[in-house]
Amino acid sequence: MNTTHATEPDGATDPAVRRFDTICLIFNPHSTGDAPELAAQLREQLTQDLPYSPEIRMLPTAHAGHAVDLAKEAAGTPNTLIVSVSGDGGYNEVVNGVMAAGTTDTVCAVLPAGNANDHHRTTARQPLAQAIAEGRVRKMDLLHLSTGNHPGAEALYAHSYIGFGLTPVVAIDMEKGNKGALKEMVSVVRTFAQFRPFRIQHTDGTRAKIDSLLFANIPQMAKYATLSEAEDRPADGRFEVILFPHTAKWKVLLKAARAATTGLGDQPSVARYEFTALKPMPYQLDGEVRSVPANTTVRVESAPSALTVIG
């Protein structure tokens, strides 16, 4: 591994500084967020600014889910940085590919190029090219989701949030039509008016009707909504639980307005949360919509310091 050790003011060395042998840029060539151009610009900037000469690979995706395979394969090369030039959904695929490879050596980063960039907006500390040149990496927790107790049950990771209830229902409706600010607003209003709560069962046997259940690894989402007052502790082994029990729609609107203005305030912080979905239930994993069947056990756990990141 080509790891340098920068000298600190007191004469100590910093083992977190990295120089990479390979840098892979994964992007959707048909992205609506100029991903190909942004990937090319980053490659040119790194070629000019880095004080060393890594191999820089451009890896365009060919279909949905392809970034998982590309990242898993790239993670098999020692001392590699994988940059997802994408939004939250594309970065989620890269993270899951790296985790599937089982490597502890690979470093991940995201260069925002999508409609949803909550992760970058809330976690970025400096421009990516500058961060790569300086080479200072850090650890971040992930959310680990498993659905079902049978052998081979699906297990996935999220870098930012996992949401059940109203949020994925709205997302599903928005995906049915063309995107655009006015049409998105109409979709949200229509779906909200028709929304029905979901029933879940907690581990103690009690049942509840919920409008929304969100597990958050970041304090903000959807550009403006402040979910919690969680401090910047990306590797504390815990995540926030934001639960909206079923209530009158006007009260839900008030909570949404509060999230967009003053924030929702302190929320419970846990390392593990489990429930059973009593009916088929959609959910969002970093913005990507999926679903669990009825009578399925859902388990969300913190994966402490699971991912090494830069930027």
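**Entry 1: ground rules**

I call a residue buried under 20% relative accessible area, exposed over 50%, and partly exposed in between. By that scale E55, with a relative accessible area of 42%, is partly exposed. I also note that this is a predicted model.

**Entry 2: a salt bridge at E55**

I looked up the partner of E55. R57 forms a salt bridge with E55, and their closest N and O atoms lie 3.1 Å apart. I then checked R57 itself. Its relative accessibility is 28%, so R57 also counts as partly exposed.

**Entry 3: strand β5**

Next I went to strand β5, residues 80–86. How many of its residues are buried? Seven of the seven are, so the strand is largely enclosed by the rest of the structure.

I wanted to see both sides of it. In a regular strand the side chains alternate between the two faces of the sheet. On one side of β5 I find T80, I82, S84 and S86; on the other, L81, V83 and V85. Each of these residues is buried, which leaves both faces of β5 covered.

**Entry 4: the neighbours of β5**

Which strands pair with β5? One is β3, residues 22–27, joined to β5 by six bridges. β3 and β5 run parallel.

Another is β6, residues 107–112. β5 and β6 also pair in the parallel sense, over six bridges. Here I noted V83, whose bridge partner in β6 is A109.

**Entry 5: helix α3**

I followed the chain from β5 towards β6. Helix α3, residues 88–101, belongs with these two strands: β5, α3 and β6 make a right-handed β-α-β unit.

I tested the length of α3. It has 14 residues, and at 1.5 Å a residue they should span 20 Å. The end C-alpha atoms of α3 are 20 Å apart, which agrees.

Is α3 mostly enclosed or open? Ten of its 14 residues are buried, so α3 is largely enclosed by the rest of the structure. I listed the buried ones: D88, G89, Y91, N92, E93, V94, V95, N96, G97 and V98. After α3 comes G102, and its phi is positive, near 70 degrees.

**Entry 6: D211**

I moved on to strand β11, residues 207–216, where D211 is found. Is D211 buried or exposed? Its relative accessible area is 3%, so D211 is buried. What does its side chain meet? The side chains of D211 and H246 are joined by a polar contact of 2.9 Å.

**Entry 7: salt bridges around R272**

I counted the salt bridges, and there are five. I looked closely at R272. Its relative accessible area is 44%, so R272 is partly exposed.

R272 and E274 meet through their side chains in a salt bridge, 2.9 Å from N to O. R272 has a salt bridge with E301 as well, at 3.5 Å from N to O. This pair links distant parts of the chain: E301 sits in strand β19 (residues 296–310) and R272 in strand β16 (residues 272–277), 29 residues apart.

At a relative accessible area of 25%, E301 is partly exposed. Which residues are joined into one network? Salt bridges that share partners connect R272, E274, R299 and E301.

Key:
Residues numbered from 1 in each chain as written. Predicted model: local features only at pLDDT ≥ 70, side-chain atom pairs only at ≥ 80, totals over all residues. Heavy atoms only, no water. Buried < 20%, exposed > 50% of the residue type's maximum accessible area, 1.4 Å probe, protein only. Helix = DSSP H or I, 4+ residues; strand = E, 2+ residues; numbered from the N terminus. Pairing = 2+ DSSP bridges. Right-handed = clockwise from strand over helix to strand, strands pointing away. Expected span 1.5 Å × (residues − 1). Polar contact = N/O pair within 3.5 Å; in protein donor to acceptor, adjacent residues only side chain to side chain. Salt bridge = Lys/Arg side-chain N within 4 Å of Asp/Glu carboxyl O.
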